[in-house]
Amino acid sequence: MTQYLMSVWHTEGEDVYASEEEMQQAFADTDAFNQQLQQEGSWVFAGGLHPPSTATVVDGQGDQVVTTDGPFSEAKEQIGGFWVVEAPDLDAALALAARGSKACRGRVEVRPFADE
Amino acid sequence: MSPHVGEVHRAEFGRVVAALAGRFGDLDLAEDCAQEAFVEAVRRWPVEGTPPNPGGWLTVVARNKALDRLRRESTRQARHEEADMLHQQHEADPGARVTSVTDERLRLIFTCCHPALAPEARVALTLRLLGGLTVPEVADAFLVPERTMAQRITRAKRKIGAANIPYRVPRDAELPERLAAVLAVVYLVFTEGHLPGSGGAEQRADLTAEALRLGRLLRDLMPDEPEVAGLLALMLLTDSRRDARFVGGVLVPLAEQDRARWDRAAIAEGHALVRECLRRGRPGHYQLLAAVNAVHTDAARAEDTDWSQVLALYDLMLAATPTPVVALNRAVAVAEVSGPAAGLAEVDGLGDALVGYHALHATRADLLRRLGRPAEALDAYDRALALATNPGERAFLQGRRATVATAAASAQ
C-alpha cells in the first residue's frame, strides 16, 4: 500500500461554484465521498482550507524568526484542500482522485508520500 | 558486441527485463541485471558457443545477478524475501505461470506507456526497456543529448517506483484509453522513422524497423484487438513503399512512385490484416488509416486508385476523429474525386487551425498549381518550405516550386 496526497487546486479569481446551491451540493458530495473513503478503508486524513489570503509564512532558519503574510507562493494556482489516502497502486489512487474531483468540483493532484 | 549477440539483444532484451520486473517489481534492478547478462553473453558466447535457448540463458543469468545483488544489499532483504515468496506462490499454480510468462512484456509496455508519465518519457522507456536500445541510441533517435535522455529515463523509472505505478495489463474499463496510449507511442516511433522532422535523414529504417517489431510484439500479445492489427497493417503498408519514396534524396509523391519497387510481401501481410479487421467490424482510427493505405497499395497504377473508396474511409475517420489533420487528408481525396477546386474549398474551410503545419501549405500549393493559379501556388510553396524540415520533402517542394515559377515566367 502507498499513501498519496490528493490536493485540490483552484485558480485565483475563478469562481469555483456557479451558484450557492452548487456550493452546497459540492460540500454534500464531498462529505459523502469522505464517508465512502472511510468505509472502503482508503481514508487517512482530509481537510478543506480557508482562502490563501489567510496564510502566514514563517522562516525560522536564521537567528531571528521572520514572519510574513502569506501565501508562500505568488502563483495563481493555490491549494484549497486535500485528502491523504492509502491505495494499492497509482491506478487505484487515480480512480479515487477522479471521484474526489467530481465531488468537490476541482482538479486534483495526486502525489505519493515518501516511504517512512 | 558480436553481430549474433546484437541480434539476440534486440529480440530478447525486453523479455529479460519484463521477466525480472515481474519477479522483483523493480525496473532499475531489471534493467541493470538484463544489461549485465548481455555483457556476460558477449564475453562467454564466443568462447563457449551460443546456448541453444539464448533468451532462457539470459533470463537465468540476469535473475541470478539480481538475486546476488539483493542478497548483498541488506536494506533490500525484506523486499527480496517478499518477492521470492510471491514468486513461490506464483509457481505453485502452473496454469497461472503460463499466462504470466506470456504476459510479462505486455505488462511492461503498459507500465512504460502509463498516462502518469510524460509522453516523451513513455517513448524513451519503451525503446529502452522493451526495444533494448541503449541510452545513447534512444538519445540519438530523438536528437537530445545523452545526458538529458539518461535523466529522462531515470526520472520516469523513479516515478514508477515512488508513485507505485502498477505493473499489469489494465482492466477492461481502462483498456481502450490505455491501449491507445501504447499504440500512440509505437506509431510515434514509426512516423519519426518514416519522415524524420529533424536530424537531416530522409528516412530512418532503424526506427521504422523498431516500431514494426513493437507492433508485431503487440499483435502477438493481443491478437484480438482490432486496433493493434490496424496499427501493424498501417505500418506495414506505409513501410512497403520505403524504397520508392525517395529518389536521389528527393521525395516522390505517391502517384509518381515506381510501384515495382514496393515491397510485395509487406503489402500482402498488410492486406491480410486489413481484411481481418473488416471481418471483425470494429473500426478504429488505425484500422481506417490502414484501409486507406490498402486501397493505395491495391492499385497497379496510380490512375487505378479507387479514390471514392479512400474518400468514404476518410468520411468515417472524420466522423470518429474530427481533427483538422484528418480533414486535410480528406480534402486530398475530395480533390481526386471532385476536382482540385472542390479540394481547395475544403482546405480553405479549415481556417487557421493548421497554419503552422507544412502539409497544409504543401497541399494548397499543389491544388493551386493544378488549378493554374501560379502566383498563389508559389506563395503556398514558400510557406510550406518555411515550415518543412525533412530534407527529401524540402527538395521535392523546391523542385515543384521551380517548375511552377518557370512555367509562370514563360507564360508572361
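**Figure 1. Contact between helices α12 and α13 of chain B in a predicted model.** Ile267(B), Gly270(B), His271(B), Val274(B) and Cys277(B) of α12(B) meet Gln287(B), Ala290(B), Ala291(B), Ala294(B) and Thr297(B) of α13(B). Two residues are in contact if their C-beta atoms, placed from the backbone, lie within 7 Å. Helix α12(B) runs over residues 264-280 and α13(B) over residues 285-298. Helices (H or I, at least four residues) and strands (E, at least two) are DSSP runs, numbered from the N terminus. The two axes come within 10 Å and cross at roughly 130 degrees; axes are lines fitted to C-alpha atoms, for helices over the stretch in contact, and angles run from 0 to 180 degrees between N-to-C directions. The helices α12(B) and α13(B) are therefore oblique to each other. Angles under 35 degrees count as roughly parallel, over 145 as roughly antiparallel, 65 to 115 as roughly perpendicular and the rest as oblique. The crossing of α12(B) past α13(B) is left-handed, that is, the near helix is turned anticlockwise from the far one by less than a right angle, with clockwise being right-handed.

The model is predicted: local features need pLDDT of at least 70, side-chain atom pairs count only at pLDDT 80 or more, and totals for chains, interfaces and linings use all residues. Residues are numbered from 1 along each chain as its sequence is written, while chains are lettered from A and ligands numbered from 1 in the order in which they are written.

**Figure 2. Packing of helices α17 and α18 of chain B.** Helix α17(B) (residues 358-370) and helix α18(B) (residues 374-387) pack at an angle of about 160 degrees, with their axes 8 Å apart. That makes α17(B) roughly antiparallel to α18(B). On the α17(B) side the contact is made by His358(B), His361(B), Ala362(B), Arg364(B), Ala365(B), Leu368(B) and Arg369(B). On the α18(B) side are Glu376(B), Ala377(B), Ala380(B), Tyr381(B), Arg383(B), Ala384(B) and Leu387(B). The crossing of α17(B) and α18(B) is left-handed.

Figure 3. Buried residues of α9(B) include Leu179(B), Val182(B), Leu183(B), Phe190(B) and His194(B). A residue is buried if 20 or more other C-beta atoms lie within 10 Å of its own, exposed if 12 or fewer, and partly exposed in between, with C-beta atoms placed from the backbone. Asn164(B) is buried, with 21 other C-beta atoms within 10 Å. Chain B as a whole has 19 helices and 2 strands, and buried residues make up 42% of its 412 residues.

**Figure 4. The open sheet of chain A.** Four strands stand in the order β2-β5-β1-β6, with antiparallel pairing; two strands pair if DSSP finds at least two bridges between them. Strands β2 and β6 (107-112) of chain A are at the edges, each with a single partner strand, so one side of each is left without a neighbour in the sheet. The twist averages 20 degrees from one strand to the next. Strand β1(A) (residues 2-11) pairs with β5(A) (residues 77-87) over 10 bridges, and β2(A) (residues 43-48) pairs with β5(A) over 5 bridges. Trp83(A) in β5(A) is the bridge partner of Met6(A) and also of Ala46(A). Tyr4(A) stands opposite Val85(A) in β5(A).

**Figure 5. Two loops of chain A.** Most residues other than glycine have a negative phi, and most peptide bonds are trans. A cis peptide bond, with omega about 0 degrees, joins Gly70(A) and Pro71(A). Pro71(A) is in the loop between β4 (66-69) and β5 of chain A. Arg105(A) lies in the loop between α2 (90-104) and β6 of chain A and has a positive phi near 60 degrees. With 18 C-beta neighbours inside 10 Å, Arg105(A) counts as partly exposed. Of the 116 residues of chain A, 19% count as buried.
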